[in-house]
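Here is a friendly walk through a model that you can follow on screen.

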Amino acid sequence: MKYLLLLFNLFIHSYLFGVDLITVNGKVLSESGLELIGSNVSVLGTSLGTATDINGTFRLELPNTLFDNNTLFLKASYIGYISKVDTIKLKDIIKNTNQINFNLKADVMRLESVIVTGIGVQQETRKLGVSIETVRKEKIENSPEVSLVSALRGNVSGLEVRKTSGDAGTNAFFRIRGTGTISGGSQPLVILDGSPISTRTIDSGGRETSERGHPESSSRMADINMDDIESIQVLKGAAASAIYGSRASNGVILITTKSGTTGKTKINYKMTYGISGMNKIYPLQQRFGQGDGGDFVGGNSYSWGKVLNVKDAPWYDSNRETNQVYNHVEDITEIGNNYEQSISALGGNEKTTFYFSMSQSYERAHWQTFNEYKKTVSTIFGHEPTRDVPSDFLRKTFRVKGSHLLTDKMTLTASMSYANVYGNQVIRAHSTDGLAKGLLSTPPDFNLRPYLDPSTQYHRSSTDPYPESRDGDHKWNNPYWVLYELSQTQSVERAFGNIKLRYNINSWLNLNYILGTDFSLDQRNDIMPTGTYRSGGIGRYIHEDILDQEWDSHFTLSMDLKKLYKLPLKLVAGHNLNSRSLKRFETTGEQQVLPNYYQIENYSSLSADQYLSLVHLESFFIQGSMDLLDQFYITSAIRNDGSSTFGPADRRHNFFKFSSAWEFSKSYAPSFLSFGKLRFAYGQAGEEPRVYAIFSGYTSPSLFSVGEKVSLGLNYNGVTGYRSDDEVSNLRIRPERRDEYEFGTDLSLFDGSMGVSMTMYNAISSDIIYDIDVIPSTGADEMTANGASIQNKGLEVTFDYRVLDKQKLKWESKFIYASNKNTVLEMNGVTGNMAKTLDANLIPSRGIAKFSEVSPGHEYAEFKVLTWARFGHGLSIDHDLDINTPNVGIDTIPEYNWGKNDVYIGKNGLPIMYSEKIWSGYAPNPDWTGSFFNEVSLGKKIKLSCLLDISIGGHIANYTKNSLYEWGTHGDTDKRYHPDFDNPDWFGYEDGVSTEWGKGTFQDLINHGHKAIGPGQDTIIVYSQNMYENFMGRNTDVINNIEDASYIKLREIALSYNLGKLKTGYLNNPNLSVRFSAQDLKTWTNYGGWDPETNMYQDRISGEDYFNQPQTWRANMALQLSW
Amino acid sequence: MASKYGSTIKLVIMLKRYKLLFFFNFIFLSSCDDFLSGPLLDQNPNEVDDVSVVSAEALLVGSQVTIYGIMEGYLNRAVSMVMQQMSGLQTDYYRDYNCDPIDVNTNGRWTAMYGTGGLVDLNTTQEVAESQEKYILLGISQMWEALLFSTAADLWGSIPYSQAANPNFSVPKFDSQEQVHFAVLDLIDSAILNFQKGQIFTLPSDYDFTFGADVGKWIAAAHTLKSRIYLNWAEVDNSYYQLALEEAQLGILDPSGLGDWTSLHGSAIAERSIWFQFILSNSDYMGAGKLLVDMLERDNDSRLNIYFLGNGPSEIFGVSPGDSVQNASMLNITGHYGMQWSPEFVTWYENNFIIAECHFKLGNEAIALSTLNETLDGIEQVWRGRGFASAVIPRYENISGDTLIAALMNEKYKALFLNIQSWSDWRRTGYPKFIDSANNSTECGSTDNGLGVPRRLLYPEKEKSSNPKCPQNAGIYDRLENDPF
């Protein structure tokens, strides 16, 4: 209050009597004398302040009226240093000693900072009893990614992020501290300025969980302009996130956006331009041509044809005509590009502040554009493709935020963001319409260009090289057809924001009310012209409108009882109402009438589908925080949630949390320890059931699957039919729960130049919701029920070290490590131990992806796959394929010294397929993830940084390889047998060279170091088409192609240069800085596919590669002007 | 102000002073009771929650379409591979064709049999129809149940039936194949009685996709289905030939095809033929079976080019299990087997084949032969009527004994192309022989003494894992009750 009076006095004095301005100059330096550029220097108790320039100096002109009793308090602060307050005496200044220098102590732990811990409560980092990690805004601002999630890669311990692909606007799979759910998403709740926002990724076709065979859809996380972000807090454990109750079991990400500040208006303009390219060329064979059985067969799907006379082959004969081969992958790519422009302005006065920004981001993927394609063919006969650019993404954003002091106690803040997002995607992953399918499966001697038959202009592919009808008879699409003739677009209009009212009722009580909304209209067009493989080439068009809306009303009352009763207790009580709705309208047209015309009326067969949902949540919460003896900090909270998704019999649920911290360094501190804290926390957080799990009625689907891409509908023969829902209602459904304990310590060492933070956690997710199989013959198929528990436990370590802090050289280093061990403890009453004694058929199991399943005693998402008969699984096989021979338990054959997953080899030298899927022992979850970040400042202007992103352990099922083995295009099939090799009349015949090519034992084909054991283990076999098709193909063993997904990526290397104030006289002499960066230039991995980070299921689960899209490297230059 | 009041009193005064603000939030608080309920919250807007709103006729539509999915989907494909009318070339279809099926693949259609659109909804339809005295509707629903579960018992043997889809039984028992078939015979009798009762309210003919509520055609089809069931037990007891003959003589006697029990498919997205969709979307998974191709080729039977795609016999290829070459001709989805093809479940020609077989078994070989040729005449006429004007299929003269029964059963095998009943015919009679034109065995594992021909389907993994009463180790070569020899 006195400060406001002071300001008032200042105003009156300056108005009535005139005011003398006192100039205060100074410098902000580190203890080692390094100038700290951009430090904040402010007058305590006022909003007046400034920042240091490139020399670390500041200059403040202050009215003499500010000096209270001739004294004024000036505070200097800088990230990574302990703030300092200095007293300025008016008389000293009058004596011209107005040079104020601050020497700040290092604080790599940023203990002094204040962070948001949820529901709007702020707390000093040093007092936290839970694990909350803050991401600096520079990390976000500097990222060239369009999606916030991808920008977080390598920056937060325990936050695992895998970007789906290198396509434009691509989204990412991300999770915190492992997965503790089955049917629920693993994505955290995201709160922006106190209101939840949508992070949905809605796949084309309406599925929220994206699946293979669909174009990739952008995540709503990509709608945020990252330049608007001030800071990000990641609430990792249930203890931190419990205050968000039944939506927080996957953790919470709190985003705080930039606000206006008083003083001079600051304007910032940034322009980024970058390029990108594919980071790997897929290994495909180039020595054998299209055909079957060793002979050329035109139009055939296989590459098991003739031996090609190509230069790098051992049989190459320069006297004969050299066969032309094509590198399809190289041919179809080019350099992609991206650019971004953003401008922001912030400022204000004592009453009103504002922030405003606009941005435009564009990405074009590395696939060849039609314009470039035109140059590779002699003519296109004037053809107009459906699209010129196959994969691009454009986002335009606009944000405004303002704050106004309504009265001296009441502040109104309002913000609104608008995003207009256009995405143009390529069909991905396994789909006969997908890009990679045709790209990797086409024989090397087939020229994919032109993709339109010159004489008919019909779609031409290796499986229909001379199309005689527009519909065609393809087995898959020509990849150029996928790029230019198919079209999957997404157009999103989104507005989100909130209004906040803060009322400081008195010094110990204040009230906050936030009303937030998030609205988006997402429109999709999915076009497959006549001639596309799907549905026999008749053409299909799907149009979808998706309206997604969320309202959130949040009320809190905060009391500081220390000011009231001298009790060191702060209480926050609140109430929350939340409403989420989704409306989806989908129209499907089939049988295109006129070619090249894409209006729904141009399809002779139409069907429509509509989906509506609404969820309401209503909650009360109270939280208390107490400081004891200035070294013990305790926080406890309880939240009561009622949701329309819970069963009416069990509608309200409580979520509790407790955390404590002891700053032991206040009692005991050896000389090297400047700060030490022990902390313990426990919390419960939840996950809501799916909407409408409590209801089961009758439906009339316009289309429903009857298996294997076959669908029927109930609007049939002119009448409408109904069927009962195949899911039984569950009126007792309740939320999933994550109970989590965590212990940790935070240490600041060597005068704050080194910081170590360690957290051990153990989380049990129970009452996990999944679709429990009901005995089918009871008439029910599944029931959504609470019936599983999963444990996640792990260790997180963050190590910060300011290695050097010299005038000309400053070096900061950060290493983060996070391990996670996951076990499915129980499902439907069956524990892991019980499962060991039960018949395999009676053990509950739930498939969550093509190969990933969940079952008690196993790691989450362990691959359960088809296999050759392998040792260590108790398999009994008909080892000689004779119906009269009893099965043999191979593990019990005494002469074999086997290890788990070694392969049984029959007397013919080949393995034997086992008839059921087995648990592979491999799962996609990494053993640990981490990163190593280094930043070196050279002098005042140059900064170099390098980030290594690390993921160790975990596997990926490379099923693409199975498929390509079968088609005969994979690079490994280069080592194959062809009958010509044994034919002395063949031009390349050379005894001992060609005669040995493509022969060996089966052992040579086995990965993972597993052994080939059995009567035929030493038998030399020929690696023939038959062998690859029947023993290495799609319906054979998958374990052999489950590969180590470990990687270390040079996630970013960057150089920034601050040129300082431009004194050109133009543009009002802005400050200019430039930044050069490169991302993902190098990946160290043993993975044989595109990239271990590539992901088939987008945001739902990682670890499966079935014709996934490749990843990219990127290089960027950013130029920033600021005033 | 700070010292004027005690702290507690201060709080009360403050609350009063700022009552307007608190009222602001109480607007929400007071609405809490209602906030979790209301439109779109108390009901799934995407479903109808009351069976009285959904008519029994609409449920019948749902069941008919669902049963198309069962009768023409994976089960039909699996049987066509066992009987080598079609071959499995890739993925799980390669395994199926090589007698190495996976039990998860029967999950979907088994679940559909009992669940939504299946027995659960058939039961509801029948309860509602009976209470509303809609006896024709009731009879039609019973007939679909009879077709579905008699077929299921043919495929698996013992299956849950008497306790299935019944809320009183949480773990349904498995009834023997005999119990199921004879319960189905009773159900058909009940259906016939219901057809004969008729109903006061007219059943809108559009809801009955089979006969447009033509009672006479339903009764005839009911007798043919009964006849088929009796016939399938004749290996156990020869007296069933007489019963089968008597039922067949009351069965479908209209050779035009208008009395045949078929599915209904059209060109609309929601109505396209299942085989057509499957072949289109899963190109190369399945092709022609060598056994059938050789047989049609040997007999100069025009159906070779009707069934499979290719110009003339020289372009039609079939594959046998174990063949290394996987270059089989495709089902002719550009011809007769296109999007509107409606597979036949119970037909006049099957009825006639039953009559012929029964006469043969009852010692009337002359009638059997004439009935065979009469049936082939009718089939030929049907194909010619479908636009294959020059269709020619064989006739037989002066044959008897094994030659006659072989001709009869081979012709039935060819005619019942993609009809599940052909498996029961082989189990009962041993025809067709699994030998190709080069006199090689086409049985699985033929190069290694032969594994044989599967005699039943695997129980689905889902039922095995959840129902302790489900036989756990039944293999594909195990014999069914009505297949003792």
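## Aromatic pairs

Phe871(A) counts as buried, because its relative accessibility is 0%; buried means under 20% relative accessible area, exposed over 50% and partly exposed in between, with a 1.4 Å probe and protein chains only. This is a predicted model, in which local features need pLDDT of at least 70 and side-chain atom pairs count only at pLDDT 80 or more, while totals for chains, interfaces and linings use all residues. Residues are numbered from 1 along each chain as its sequence is written, chains are lettered from A and ligands numbered from 1 in the order in which they are written, and side-chain values use heavy atoms, with hydrogens and water left out.

Over all chains, a search of the whole structure gives 78 aromatic pairs. Rings of Phe, Tyr and Trp (its six-membered ring) pair if their centres lie within 6.5 Å; planes under 30 degrees apart count as stacked, over 60 as edge-to-face and the rest as tilted. One of the pairs is tilted, because the planes of Tyr302(A) and Trp967(A) meet at 40 degrees, with ring centres 5.5 Å apart. Tyr302(A) sits in the loop between strand 18 (263-278) and helix 6 (328-331) of chain A and Trp967(A) in helix 12 (residues 959-967) of chain A, so this pair links distant parts of the chain, 665 residues apart. Helices (H or I, at least four residues) and strands (E, at least two) are DSSP runs, numbered from the N terminus. Both Tyr302(A) and Trp967(A) are buried.

Phe871(A) has a ring partner too: its centre is 6.0 Å from that of Tyr896(A), and the planes stand at 75 degrees, so the pair is edge-to-face. Tyr896(A) counts as buried, at 16% relative accessibility.

## Charges over rings

In chain A, the charged end of Lys1049(A) sits over the ring of Tyr1047(A), 5.6 Å from its centre. In chain B, Lys433(B) has its charged end over the ring of Tyr431(B), 4.9 Å from the centre. The criterion is NZ of Lys or CZ of Arg within 6 Å of the ring centre and within 35 degrees of the ring normal.

## The disulfide

How many disulfides does a search of the whole structure find? There is one over all chains, where a disulfide is a pair of cysteine sulfur atoms within 2.5 Å. Cys99(B) and Cys444(B) form it, with sulfur atoms 1.7 Å apart. The torsion about their S-S bond is about 70 degrees, so the disulfide is right-handed. Cys99(B) and Cys444(B) are both buried.

## Nonpolar cores

A nonpolar core is a set of buried Ala, Val, Leu, Ile, Met, Phe, Trp, Tyr and Cys residues joined through side-chain atoms within 4.5 Å. The largest has 152 residues, of which Trp144(B), Trp156(B), Trp261(B) and Phe308(B) touch the most other members. Helix 9 (residues 135-156) of chain B supplies the largest share, 15 residues. Apart from this core lies another of 99 residues, among them Val329(A), Ala436(A), Tyr484(A) and Ile893(A).

## Between the chains

In all, 102 residues of chain B are in contact with 106 residues of chain A; contact means heavy atoms within 4.5 Å. The two chains bury about 8,600 Å² between them, 59% of it on carbon and sulfur atoms. Buried area is the accessible area (1.4 Å probe) that two parts lose on being put together, summed over both. Phe35(B), Leu36(B) and Ile269(B) supply 9% of the area that chain B buries against chain A, more than any other three residues.
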